[in-house]
Amino acid sequence: MEVDEPVLLPRLARVAVCGGTHGNELSGVYLVRELLKEAQEKERDDEGPLSVQTLLSNPRATQQCRRYIDADLNRCFSLATLNGPVSEAAPYEIILARELNASLGPKGSQEAVDLVCDLHNTTANMGLCFIAYSDKDWICLHIFKHLQRQMPDIPMRFIHFNISKKESYSLDSVGKHGFALEIGPQPHGVVRSNVYTAMKVGVRHILDWIHYFNSGSVFEGGYVDVFTMVKNIDYPRDSQTHNITAAIHPRLQDRDFCLLCPEDPLFQTFSGEELTYKGNEPLYPFFINECAYYEKGIALSLARKKRVMIPPIRAQTEVEKQASEQSFASEEEE
Amino acid sequence: MSTHNNNNNTARVTAARRVAIFGGTHGNEMSGVALVNLWTKNGAEIQRKGVETRPFLANPWAVEKCVRYVDTDLNRAFTPENLSAPGGDELPYEVQRAQEINKIFGPKGSQEAYDVIFDLHNTTSNMGCTLILESSKDSFSLQMMNYIKKAIAPASCLVLLNEHPHLKYSTSRSVARHPVGLEVGPQPQGVLRSNIFQAMRVILKHALDFIELFNEGMEFPSCTVEVFRVLESIDYPRDANGNIIAMVHPNLQDCDWEPLNPGDPMFQTFDGQTVHYQGSSTVYPTFINEAAYYEKQQAFLTTRRETLAANAISKA
């Protein structure tokens, strides 16, 4: 890509860091509490043009150390769910999602926060992952590239779910930009110091990047390897009881992002039989053996990898912003 | 059950004819659930000559919801008060369940009680394969554990002895004459890992082999068994409101069964400070960072190493 001129993008004025969207994913819960404590103690001066709000998304589930109370909060943010009919008997998380949409959104509008960073853990051996709905959001991709450089010892991947803004269903889709920051492996209900520290350092670097960006730095272009989700595979199940009849094969367990080829081992039945991958195409597995996905019928997800070239970017200055708004307005007149 | 020493100090122990295998005492500890489901469908693997082996899902409602418990921890529920409590279906689910289990496999302490109950558990702690013993005087169980350890060597299987006056609790397996706990980790709650599942299966195979051999008349000479005896429970540092303010230190995380010396790092606060172990002597920590113990105010258990002598045993 031969573009020397950086792409100009609006500054990020309002950022939300969310933890406890799933109440038993504890790194985010404890990190948000710690960040709130730090903010109180420091009595931070005006951060300049940047306002960072830190919040626990699902307080009731967090208090009970459960993923959710009635419904998975991180599936409640599609436009259909947000704007659907209101009922008094609605699940707790549907009502909560609408409140979050009102304060961080509304999703799709000018009032929405500029960036949502939603903190998660997984029982899968995924290292640190960004999960986003776009493979062309230069802000998210540049933040990821920055983290890769700043934290070279942590395995890091960018996962892309190819879903439209309208259909996107997770909390991070409420902001103008957004991603989930997913770190594993960690059992739910447990806080592991190494995972907490990685998340804490990661969030610190994310906020630093935003400061640099807002202050006018140019971020040079480059590339990011993006994993685009293709499909899920469920466990083999008993036709009557629906209980699973096999476990992830020991040669696949913990091998997230190691290429899975046709005929590679996939499952091992309880009677010792090996079941192999029947797809035609080698794909990259992730979310291998994520606890919360048993009930969603997902043993693992599969992705294609591609290299995405990202342009250099810079924040728009006030002048540039106004010029661009004026030229847009005059275009409309014509 | 009668055990009495003859002149050669061999304990005569009644044959173990009725054996139960409990899975899902905690509904989200998946190895035991999967094994019991498997063996309920096809029990060939657990059959042994002269033994009735019964696989049993101890807490089916918790298993269905994939939670540790519904109202209260079943594995703490087998107290004398609970087992005799009136109230029928007004009682918490697990207390009702404990009474049912006591009826089927007990009554606890009586002649009719099952000979052996194996209680299958998983832990998020890096404990490997651990057998849990409830009494240092239970020669039969000690001999079984000795047999299992030798059978799986060089793979390791350690023995945790909980005879602590306050920390010992009323387990579901305590209904039987010989309660044997089997704890395998690390495995997240709600997750089934192949290697963990297989490890538990192998241990049970050897345990049942032992019972079959014993029942057929094999004598087991006296032996010594290394055990880790429970000393005390250490909680997380907490603030005035009871919130946890530190995590297990990276140097201690996953170091179950390794010596913890006075002065060693123990916890790390969320802002990076180290809290050191203040005990007066070296201990062996276990159950380090078990998810279910946050609410029980336990970050880990300390133990000390001991060698127990087991009497020779033969069938009465």
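UniProt positions are given in the numbering used here, and the annotations may be inferred rather than shown by experiment. In the predicted model, the record, an unreviewed entry, assigns the feature "domain: AstE/AspA barrel-sandwich hybrid" to residues 224-304 of chain B. This span is 37% strand and 0% helix, and its end C-alpha atoms are 16 Å apart.

The unreviewed UniProt entry also annotates a "binding site" at B:Arg68, B:Glu183 and B:Tyr293. From this set, B:Arg68, B:Glu183 and B:Tyr293 are part of the lining of the largest cavity. B:Arg68 is located in the loop between helix H2 (60-65) and helix H3 (80-83) of chain B. In chain A, the annotation "binding site", likewise from an unreviewed UniProt entry, covers A:His22, A:Glu25 and A:His120. These residues are spread over 99 residues of sequence but cluster in space, with a largest C-alpha distance of 7.4 Å. A:His22 is placed in the loop between strand S2 (14-19) and H1 of chain A.

The interface between the two chains was examined next. Contacts link 27 residues of chain A with 28 residues of chain B. About 2400 Å² is buried between chain A and chain B, and 54% of this area is on carbon and sulfur atoms. Of the area that chain A buries against chain B, 25% comes from A:Tyr30, A:Ser193 and A:Phe270, more than from any other three residues. The interface of chain A and chain B contains 3 salt bridges. A:Asp238 pairs with B:Lys41 in a salt bridge whose closest N and O atoms are 2.5 Å apart. On the side of chain A that touches chain B, helix H1 (26-42), helix H6 (193-214) and strand S9 (246-248) of chain A each contribute at least two residues. The most is given by H6(A), with 4 residues. The side of chain A that touches chain B comprises 13 nonpolar, 9 polar and 5 charged residues.

Over all chains, the whole structure holds 32 salt bridges. One within chain A joins A:Lys296 to A:Asp72, with the closest N and O atoms 2.9 Å apart. A:Lys296 is in the loop between strand S12 (284-286) and strand S13 (300-310) of chain A, and A:Asp72 is in the loop between helix H2 (59-63) and helix H3 (79-83) of chain A, so this pair ties together parts 224 residues apart in sequence.

A:Arg98 belongs to helix H4 (residues 92-104) of chain A. Apart from neighbours within four places in sequence, A:Arg98 is in contact with A:Thr81, A:Leu82, A:Asn83, A:Gly84, A:Pro85 and A:Val86. The C-alpha atoms of A:Arg98 and A:Val226, by contrast, are separated by 31 Å.

Backbone geometry was also considered. Most peptide bonds are trans, and most residues other than glycine have a negative phi. The bond between A:Gly184 and A:Pro185 is cis, with omega about 5 degrees, and A:Pro185 lies in the loop between strand S7 (177-184) and H6 of chain A. In chain B, a cis peptide bond runs from B:Gly185 to B:Pro186, with omega near 5 degrees; B:Pro186 is in the loop between strand S7 (178-185) and helix H6 (194-215) of chain B. A:Cys65, although not a glycine, has a positive phi of about 50 degrees. A:Cys65 is situated in the loop between H2 and H3 of chain A.

Note on methods
Residues are numbered from 1 along each chain as its sequence is written. Chains are lettered from A and ligands numbered from 1 in the order in which they are written. This is a predicted model: local features need pLDDT of at least 70, side-chain atom pairs count only at pLDDT 80 or more; totals for chains, interfaces and linings use all residues. Side-chain values use heavy atoms; hydrogens and water are left out. Contact means heavy atoms within 4.5 Å. Buried area is the accessible area (1.4 Å probe) that two parts lose on being put together, summed over both. A salt bridge is a side-chain nitrogen of Lys or Arg within 4 Å of a carboxyl oxygen of Asp or Glu. Ala, Val, Leu, Ile, Met, Phe, Trp, Tyr, Cys and Pro count as nonpolar, Asp, Glu, Lys and Arg as charged, and the others, Gly among them, as polar. On a 1 Å grid over the protein atoms alone, a cavity is a set of points where a 1.4 Å probe fits but cannot get out, and a pocket is an open set with protein on both sides within 12 Å along at least five of seven lines; lining residues have an atom within 4 Å of a point.
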